[in-house]
Amino acid sequence: MNKSELVEAVAAAAGLERKQAEAAVSAFVGSVMDTARSGETVSIFGFGTFKPTARGARTGRNPRTGAPVKIAASKGVKFQPAAAFKAAINSKRAVGKKVAAKKAAPASKSPASSAPAKKAVPASKVPARKAPAAKAVPAAKASATKAVPASKVPAKAAPPAKASATKAAKSAAPAKKR
């Protein structure tokens, strides 16, 4: 949710016009920033606490060259949500409302298209299939089969060589004389 969406939500929830809601949101954000800038903690009951933090100056390292670099002192803010905020986020009712709203929104889809699509499994995650075990031939049948000479058995085709391998082989071979 960005600021304009927050303004729209505040306007709808409070029954205000958009300009009034925008002024209220801007006033809230400005007040929190001014108070934190002055070094005070901002606590909003049921929402959370904004605590200003300070980091001292220090020496760091440039990751590329390894040279020491001076890092200036800086200020920041930490937000710690209140227990009520955490409970609201983690409650099953709040999650159920969002899920029900998401399910109700795409009413124009047909039931067949609303089924979740199967995700493709990467080839590296698929287990390799084992070749079926060769059946044992009984000794009586093994002797009855004819032996085929090696010259009659077709040779297996070699897998296609990579282009770089064939270029290397050609350059290594002596040139023919004409």
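This is a predicted model: local features need pLDDT of at least 70, side-chain atom pairs count only at pLDDT 80 or more; totals for chains, interfaces and linings use all residues.
## Helix H2

Which residues of H2 are buried? They are Ala21, Val25, Val32 and Ala36. These residues lie on the same side of H2, because the arc they cover around the axis is only 30°. An α-helix has 3.6 residues a turn, so residues three or four places apart point the same way. On the other side of H2, Lys19 and Arg37 are exposed. Just after H2 comes Gly39, with a positive phi of about 100°.

Helix H1 has twelve residues. From its first C-alpha to its last, H1 reaches 16 Å, close to the 16 Å expected at 1.5 Å a residue. Just after H1, Gly15 takes a positive phi of about 70°.

How do H1 and H2 pass each other, and at what angle do their axes cross? The axes come within 8 Å and cross at roughly 115°, and the crossing is right-handed. On the H1 side, the contact is made by Lys3, Ser4, Leu6, Val7, Glu8, Val10 and Ala11. On the H2 side, it is made by Arg18, Ala21, Glu22, Val25 and Ser26. Ala21 and Val25 are also among the buried residues of H2.

## Aromatic pairs

The count of aromatic pairs comes to five. One of them joins Phe47 and Phe50: this pair is tilted, with 6.5 Å centre to centre and 40° between the planes. Phe47 counts as partly exposed because its relative accessibility is 33%. Is Phe50 buried or exposed? Phe50 counts as buried, because its relative accessibility is 17% and the cut-off for buried is under 20%.

Phe50 also pairs with Phe79. The ring centres of Phe50 and Phe79 are 4.8 Å apart and their planes are at 45°, so this pair is tilted. Since Phe50 lies in strand S2 and Phe79 in strand S5, the pair ties together parts that are 29 residues apart in sequence. Phe79 has a relative accessibility of 35% and therefore counts as partly exposed. Ring pairs link Phe47, Phe50, Phe79 and Phe85 into a cluster.

## Lys78 in strand S5

Lys78 is found in strand S5, the strand that also holds Phe79. Lys78 has a relative accessible area of 56% and so is exposed, the cut-off for exposed being over 50%.

Which residues is Lys78 in contact with, leaving aside its neighbours within four places in sequence? They are Thr49, Phe50, Lys51 and Thr53. Pro52 is 26 residues from Lys78 along the chain, and the C-alpha atoms of the two are separated by 6.4 Å.

## Gly60 in strand S3

Gly60 lies in strand S3, which covers residues 58-61. Its relative accessible area is 14%, so Gly60 is buried.

Not counting residues up to four places away in sequence, Gly60 touches Ala67, Pro68, Val69 and Ile71. Ile71 is eleven residues from Gly60 in sequence, and the two are 6.5 Å apart in space, C-alpha to C-alpha.

## The chain as a whole

How many helices and strands are there in the protein chain? There are six helices and five strands. From the N terminus on, their order is α-α-β-β-β-β-β-α-α-α-α.

The protein chain has 178 residues, and buried residues make up 7% of them. Among contacts in the chain with a separation of 6 or more, 31% are between residues 24 or more positions apart.

Methods:
Residues are numbered from 1 along each chain as its sequence is written. Side-chain values use heavy atoms; hydrogens and water are left out. Buried means under 20% relative accessible area, exposed over 50%, partly exposed in between (1.4 Å probe, protein chains only). Helices (H or I, at least four residues) and strands (E, at least two) are DSSP runs, numbered from the N terminus. The arc is that of the directions from the helix axis to the C-beta atoms. Rings of Phe, Tyr and Trp (its six-membered ring) pair if their centres lie within 6.5 Å; planes under 30 degrees apart count as stacked, over 60 as edge-to-face and the rest as tilted. Axes are lines fitted to C-alpha atoms, for helices over the stretch in contact, and angles run from 0 to 180 degrees between N-to-C directions. A crossing is left-handed if the near helix is turned anticlockwise from the far one by less than a right angle, and right-handed if clockwise. Contact means heavy atoms within 4.5 Å. The expected span of a helix is 1.5 Å times one less than its number of residues.
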